[in-house]
Amino acid sequence: MSTLQNLEARDNAIVRRELAKACRALACAVWYRYGMQDSVTNHVSAVAKAKDGNGIVILIAPSGVMWQNVTEECFLELNKETGEVIGEGVVPMVPRRMQLAAHRRRPDVEAAFHAHPQYATALWKDFTLRCIHPTSMAIIDRVVYDRHYDEKKDYKVAFDQLLSQLGDTNNILMMENHGIITVADTVAKAFDYMYKVEMASKIQLTAISSGVELKDISLEKAEAYRSVVAVNFPNIAQEHLDEVEKILHSSSK
Ligand SMILES: [Zn+2]
């Protein structure tokens with residue numbers, strides 16, 4: 001098990017608001033056209049202080065709900081230790097076990113997202129993200145790969161093995177034949193990683209489809225780029241999420 005420090009959980013209402021924003025933003029079909037949810041089957045979760053102030057819970061979006069329709073009130077709460085639903089509601093076995101495995105393996109993260117976005121899911125054998133563009137430079141040191149989807153048998157063991165591949169520092173798990181998991185110490189960053197891995201995959205697939213030969217950027221250059229971004233855009237993930245929410249809010253009027 002990980003020796004990482006537990007995240008200091010934020011207030012329940014704050015995490016609910018952020019998680020609802022992230023769901024709607026990932027699903028939004030306005031100007032950005034992210035459209036990352038696959039039917040009603042993908043899942044998001046985030047740790048937060050319990051509403052009654054006693055301990056920590058895991059907020060999880062209920063299944064059967066399109067993310068466009070997610071609200072702060074709709075999240076169910078799981079007991080962080082047992083995985084049992086607190087109060088009313090049902091969370092199917094697969095999303096519950098995958099999200100619990102993510103939070104158990106990475107106690108340092110607030111949020112874990114799982115989706116099947118179009119481009120990042122269009123993975124072929126041994127797909128590897130190339131360092132060819134600012135968006136890929138931003139995440140190239142945070143990505144790991146799972147190439148064993150067809151071998152998984154026992155869900156409980158399989159999800160623990162799956163999430164262990166994130167290690168202690170990575171934020172993006174690209175699953176061959178399946179989809180993406182992102183984890184981060186804020187909901188906004190988990191959302192932004194999901195956006196970036198989808199956009200980087202889209203650029204790479206578009207370039208390959210055009211028949212051009214990809215030209216890789218050095219990892220040293222990528223590291224320097226990330227340093228510049230960190231100085232110039234220190235709150236990029238939160239600003240990104242808040243701006244998409246504004247677009248969604250104005251488009252609904
Ligand atoms: Zn899935």
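What share of the contacts in the protein chain with a separation of 6 or more is accounted for by residues 24 or more positions apart? In this predicted model, such residues account for 72% of those contacts. The secondary structure of the chain consists of eight helices and eight strands. The radius of gyration is 18 Å, close to the 18 Å that the globule rule gives for 253 residues, so the chain is as compact as a globular protein of that length. Along the principal axes, the C-alpha trace spans about 55 × 45 × 35 Å. Of the 253 residues, 38% count as buried.

The mean pLDDT of the protein chain is 89, and 94% of the residues reach 70 or more. Confidence is lowest in helix H5 (residues 155-164), where the mean is 84, and highest in helix H7 (residues 219-232), where it is 97.

The eight strands of the sheet follow the order E4-E3-E2-E1-E5-E8-E7-E6; the sheet is open and its pairing is mixed. Strand E4 (85-86) and strand E6 (143-146) are the edge strands, each pairing on one side only. Strand E3 (residues 76-79) and E4 run antiparallel and are joined by two bridges. In this pair, Leu78 stands opposite Val85 of E4. Helix H1 (residues 12-27) packs on the sheet, where it touches strand E1 (43-49), strand E2 (56-60) and strand E5 (111-115). The direction of H1 makes about 165 degrees with that of E1. Helix H6 also packs on the sheet, touching E1, E5, E6, strand E7 (172-175) and strand E8 (179-184). The direction of H6 makes about 145 degrees with that of E8.

Strand E5 is mostly covered, with five of its five residues buried. In a regular strand the side chains alternate between the two faces of the sheet. On one side of E5 lie Ala111, Phe113 and Ala115, on the other Ala112 and His114, and all are buried, so that both faces are covered. Strand E5 is joined to E1 by four bridges, and the two run antiparallel. Within this pairing, His114 of E5 is the bridge partner of His43. Five bridges join E5 to E8, and these strands also run antiparallel. Here Ala111 stands opposite Ala184 in E8.

In soluble globular proteins, nonpolar side chains tend to be buried together. The largest nonpolar core of this model has 66 residues, and those with the most contacts inside it are Leu19, Phe191 and Met194. Helix H6 (residues 187-209) gives the most to this core, contributing 10 residues. Apart from neighbours within four places in sequence, Met194 is in contact with Leu26, Met36, Phe113, Ala115, Ile180 and Thr182.

Ser63 is found in the loop between E2 and E3. With 17 other C-beta atoms within 10 Å, Ser63 is partly exposed, since a residue counts as buried at 20 or more such atoms and as exposed at 12 or fewer. Not counting residues up to four places away in sequence, Ser63 touches Val40, Val91, Pro92 and Pro95. The C-alpha atoms of Ser63 and Arg226 are separated by 36 Å, and the two residues are 163 residues apart along the chain.

Terms used:
Residues are numbered from 1 along each chain as its sequence is written. This is a predicted model: local features need pLDDT of at least 70, side-chain atom pairs count only at pLDDT 80 or more; totals for chains, interfaces and linings use all residues. The radius of gyration is taken over C-alpha atoms; the globule rule is 2.2 Å times the number of residues to the power 0.38. Two residues are in contact if their C-beta atoms, placed from the backbone, lie within 7 Å. A nonpolar core is a set of buried Ala, Val, Leu, Ile, Met, Phe, Trp, Tyr and Cys residues joined through C-beta atoms within 7 Å. pLDDT is the predictor's confidence in each residue, from 0 to 100. Two strands pair if DSSP finds at least two bridges between them. Axes are lines fitted to C-alpha atoms, for helices over the stretch in contact, and angles run from 0 to 180 degrees between N-to-C directions.
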